[in-house]
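Q: Please take a close look at one part of this predicted model. I would like a connected description of that part and of what it touches.

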Amino acid sequence: MKLYDYELSGNCYKIRLMLNFLGREYETRPVDFYPGREHKSPELMKLNPLGQLPILEDGDLVLRDAQAILTYLAHKYDPSGQWYPVSDPDRLGQVAQWLAFADGITATASSARLHDTLFYELDVEAARAGAHRLFRVLDEHLWFAEQEGQDWICSGDHPTIADLACFPYVILSEEGGVSRQDYPAIRRWCDRIKRLPGFVLMSGVFPTSQSAA
Amino acid sequence: MSVDPGRWYPIASSSDLPLRHVFHGQLWGREMAVWRADDGHVNVWENRCLHRGVRLSIGLNEGRELRCLYHGWRYANRTAGCTYIPAHPADAPARTICNNTYPAIEAHGLIWSALDPAEDFQEHTLLVGADVLALRPIPVNAPPSLVAAHARSYQFSPTGAGGADVSLIVETDGFLELRSTLGDMTTTLLLFIQPVDAGRSILRGVLTTRPDTPMPVLHHHNRAMSALRDRIEAEAATLDAPDPISVSFTPVDEELAQIPARARSGPKAELRVTVARKWALATDIAGFRFEAITGQLPTFQPGAHIDVHLPNGMSRQYSLTNAPGETDHYAIGVKREPESRGGSACLHETVQQGDVLAISAPRNNFPLRRDALNTILVAGGIGITPMLAMAQTLEAQSLPFELHCFAQSVAHLGFEEILGRLKDAVTTHLGLDPKATGKTLAEILKTRGEEEHLYICGPGPMLQATRAIADRKGWPDEAVHFEYFKNTNEIDDSSAFEVALARSALTLQVPAGRTILEVLHENGVEMPSSCEQGACGTCLATVIEGDPDHQDVYLSAGERAAGKSIITCVSRCKSKRLVLDI
């Protein structure tokens with residue numbers, strides 16, 4: 001299995017997290033996303049005509065799009081079926097709903113970060129405002145989930161790929177000027193994700209303490 | 001609303017503070033790091049590390065200490081004092097390195113604080129003893145006064161169904177009491193407006209009675225308050241946004257951040273404590289728990305001791321046995337010495353539970369490194385006391401260590417509760433004669449592992465033996481740390497010499513029969529001291545020139561040979577003139 005990877009990409013980080021949680025060995029093919037724009041090179045455009053990362057090669061299969069790759073990996077390599085609960089229609093629907101929400105986070109919080117860190121030209125105020133709108137929704141959702149004794153975005157006592165799809169650009173939001181101070185339930189959820197066995201860091205993501213014994 | 005530093009506001013919900021989390025709060029522009037220690041205590045601190053100003057809200061709540069994410073400075077539960085600086089692993093941080101804290105009260109599902117409280121926290125009369133329900137707080141991007149003006153028109157219902165009649169009962173600055181009636185149902189809501197900054201607020205509501213099924217009620221208020229927020233923010237968008245409140249910080253003195261501060265002259269008894277508990281810990285060992293009469297006891301680090309001033313006029317040093325974060329008391333264990341000169345006998349016989357004693361703030365001349373790959377703690381008899389503080393610190397941080405306790409018998413050992421918690425790390429060696437003790441020590445110190453450190457505390461002969469064995473087994477001086485109870489050396493004070501104080505530009509004569517420390521004090525030179533018998537190291541001075549005549553038990557052989565330091569309460573000078581860096 002080969003991951004076309006850029007260390008600073010939150011979307012690539014989603015896949016690294018998933019593979020680590022599943023304990024799968026994989027090969028990394030580093031891509032010079034910035035400043036080399038290697039993702040727009042002929043070699044990579046052949047693999048993904050959209051010119052985006054990540055790209056996963058597994059045997060003959062070539063997949064693009066972080067959420068699609070998460071779906072594939074969880075369904076194929078998680079025999080417990082917890083990360084992608086295909087046998088439970090209610091939870092499956094919730095997962096799909098929040099995967100779409102994660103695309104919204106990418107379009108807003110990630111855009112603001114691309115503007116601030118990689119100098120993309122875009123309307124950063126609109127991107128930040130959009131991120132705050134989504135974070136308000138996510139914080140409210142997680143606050144009420146906690147009231148019901150639930151730790152994760154979707155119901156059930158195990159995290160799903162919806163958590164992984166939403167996490168990276170939430171935890172990196174401050175690099176795009178989006179503070180999480182007003183979202184305490186999101187901040188607690190981030191701590192819980194960081195305590196999952198197999199969790200790995202990336203540049204800009206900091207560790208949290210061990211849970212109390 | 002204008003900045004009111006004297007008033008108490010809710011700044012977080014209790015449910016915002018699960019264990020091992022740091023909440024990011026703010027009041028009147030001041031950011032706060034809010035965290036609950038494992039013992040339940042809620043800390044509200046200024047949200048910046050004293051070292052480089054990094055937010056402590058991204059730090060690590062380790063249950064007993066909060067660790068800054070940047071350079072790893074550690075701060076104690078309650079006191080907010082720095083307990084460890086990884087860049088200076090062999091030093092005890094100065095007690096004056098202490099974060100700015102704010103008061104914290106947990107009540108009614110909320111955490112309350114004030115920047116500079118004008119009076120003690122007062123519970124709202126409607127909330128006293130009530131089973132209340134804290135609502136989901138709603139942050140609003142609008143000035144507190146605008147939020148307050150709109151909050152008057154907040155509409156809600158006891159059941160969530162429409163048609164309820166809402167009336168405003170009380171309104172004060174930043175607070176409203178609202179009552180909603182529907183049929184024979186009535187709900188009272190206390191709505192607090194937390195001033196986050198000039199242009200930001202948080203609506204925090206509490207229902208004075210907890211409904212039987214809270215979830216629908218929580219959802220109802222969340223929807224209604226979110227709608228209220230939309231109206232407020234729509235109006236705020238038409239107004240000029242106020243500038244954020246500017247906050248000034250007191251920078252930390254660069255020198256303070258580097259080295260421990262020098263205490264002032266002589267033994268000090270700056271604290272008054274009550275003996276909250278006195279109990280029999282083991283054969284001939286009494287345990288004492290001291291609590292502050294008012295305020296907070298100062299920060300301690302593992303290895304620290306206090307001077308206890310006794311009713312009979314004597315003063316004695318005792319190591320604290322506290323685990324890290326146990327900052328609401330000091331605990332000591334006192335062995336009754338058969339040849340007591342009056343210190344331990346007085347504590348055993350005269351001092352009783354409820355008594356008030358004068359003690360010094362903790363001093364640490366026996367600091368614990370937290371960067372060793374393994375730490376061996378060797379305790380002889382009552383020498384176990386500083387080892388308990390060290391062992392519990394290493395345990396809390398999951399650092400590898402072993403604690404070897406030498407005692408006459410189980411009955412003499414004591415501290416079962418703490419030793420029980422440390423479990424597998426503890427080995428007891430009971431009833432060994434000096435020869436067997438030496439054999440056991442030789443086994444323990446057989447080979448020094450990489451970056452392994454040894455700490456010893458116990459009676460003089462055992463300490464000498466352990467140091468000699470460690471030396472034979474190739475342990476370098478800097479890896480062997482020790483603390484004597486007392487100096488049993490025969491002090492020879494027959495020499496007379498001259499002491500020049502280089503920084504003070506003062507030359508003094510030390511005659512036979514007087515100590516350097518006494519001469520310094522008589523001439524108004526500040527020099528801290530504690531045991532005044534050459535055991536604790538408090539009165540250490542740096543030697544610039546001269547040949548010290550070491551008579552203490554504090555300095556290591558290497559330190560003695562280097563001739564760069566002197567313990568001024570007992571040691572003297574072989575040459576005619578001694579130049580000190582004072």
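A: The part taken here is the stretch of residues 1-81 of chain A, where 38% of the chain is helix and 20% is strand. From end to end of this stretch, the C-alpha atoms are 20 Å apart. UniProt, in an unreviewed entry, lists residues 1-81 of chain A as "domain: GST N-terminal". The model is predicted, and its domain assignment draws the bounds as follows: domain 1 of chain A covers 2-77, and domain 2 covers 89-194.

The C-alpha centres of domain 1 and domain 2 of chain A are separated by 21 Å. Contact between them involves 12 residues of domain 1 of chain A and 12 residues of domain 2 of chain A. On the domain 1 side, helix 1 (10-22) and helix 3 (66-77) of chain A each contribute at least two residues. Helix 1 of chain A gives the most to that side, with 6 residues. By class, the residues on the side of domain 1 of chain A that touches domain 2 of chain A are 7 nonpolar, 4 polar and 1 charged.

Methods
Residues numbered from 1 in each chain as written. Chains lettered and ligands numbered in written order. Predicted model: local features only at pLDDT ≥ 70, side-chain atom pairs only at ≥ 80, totals over all residues. Domains from an automatic or database assignment. Contact = placed C-beta atoms within 7 Å. Helix = DSSP H or I, 4+ residues; strand = E, 2+ residues; numbered from the N terminus. Nonpolar A, V, L, I, M, F, W, Y, C, P; charged D, E, K, R; others polar. UniProt positions renumbered as here; feature names shortened; annotations may be inferred.
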